[in-house]
Amino acid sequence: MSSQVSSIPRREPNARQAETAERLLAAGAEELREVGVEALTIRTVALRAGVSAATAYTYLSSKNHLFAELFLRHLTAEAAAATTDASYDDATSRVQQVTRRMATSLATEPALAAGATQALLGTDPDVERLRLRIGAEFVERFKEALGEKADPVVLETLTLAFSGALLQAGMGLMTYTEMGERLDAVVAVILQGNQ
């Protein structure tokens, strides 16, 4: 696993450490899908990964740390698989495509989305580092959609709007599918107000 996708372990891993980290993250994703946010423990993830709980805690400080790692991994995998539709020649359509794609991707992983919401609101220092990387991932997506001359204020506004919508969906005030639909109008207002 690339150290760019995960922050575990915290230094450049050797091959065995990288394989253990990969097994823990894969086991964590499976466990999360099967038992959900509340029932998942690092001990059950360790058991599924075939490592001791002590080993798991060497890589993951908490289940919130696991959720944040899985969320970052999900975002980077989704970004790698995404292609921008070349027929969208205006920034509004391109940004709407990005927000819809991310929302649709989260709708397919409701337990991960719920775990990420919980984790990103926490105070775990390992999560704090990941929260910054996740925010940077959002900014990078919007920057790419806007083009080279992206206004920093517009980037920040889009990121705040997306993060707020993500929180509202995570709190159950809307579904992730509805989030994508509602962000279409928000993106249009932000970008049309900037022209």
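Trainee: What makes E109 and R33 a salt bridge?

Mentor: This is a predicted model, and in it the closest N and O atoms of E109 and R33 are 3.2 Å apart. The cut-off is 4 Å between a side-chain nitrogen of Lys or Arg and a carboxyl oxygen of Asp or Glu, so the pair qualifies. The two partners are 76 residues apart: E109 sits in the loop between α5 and α6, R33 in helix α1.

Trainee: Is E109 buried or exposed, and how do you know?

Mentor: E109 has 16% relative accessibility. Buried means under 20%, so E109 counts as buried.

Trainee: And why is R33 called exposed?

Mentor: The relative accessible area of R33 is 52%, and exposed starts over 50%, so R33 gets that label.

Trainee: What ties α4 and α5 together?

Mentor: R101 and E78 meet in a salt bridge, 3.2 Å from N to O. R101 belongs to α5 and E78 to α4, so the bridge joins parts 23 residues apart in sequence. E78 is at 11% relative accessibility, which means it counts as buried.

Trainee: How far apart along the helix are R129 and D126?

Mentor: About one helical turn, because they are three residues apart in α7. In general, an α-helix has 3.6 residues a turn, so residues three or four places apart point the same way. The closest N and O atoms of R129 and D126 are 2.6 Å apart, and the limit is 4 Å, so this is a salt bridge too.

Trainee: How many salt bridges does the rule give?

Mentor: Eleven.

Trainee: Which residues of α2 are buried, and how do you know they share a side?

Mentor: The buried ones are I42, V45, A46 and A49. They cover an arc of only 100 degrees around the axis, which puts them on the same side of α2. R43 and L47 are exposed on the face turned away from that side.

Trainee: What do the buried residues of α2 pack against?

Mentor: Their partners are α1, α3 and α4. After α2 comes G50, with a positive phi near 80 degrees.

Key:
Residues numbered from 1 in each chain as written. Predicted model: local features only at pLDDT ≥ 70, side-chain atom pairs only at ≥ 80, totals over all residues. Heavy atoms only, no water. Buried < 20%, exposed > 50% of the residue type's maximum accessible area, 1.4 Å probe, protein only. Helix = DSSP H or I, 4+ residues; strand = E, 2+ residues; numbered from the N terminus. Arc of directions from axis to C-beta. Contact = heavy atoms within 4.5 Å.
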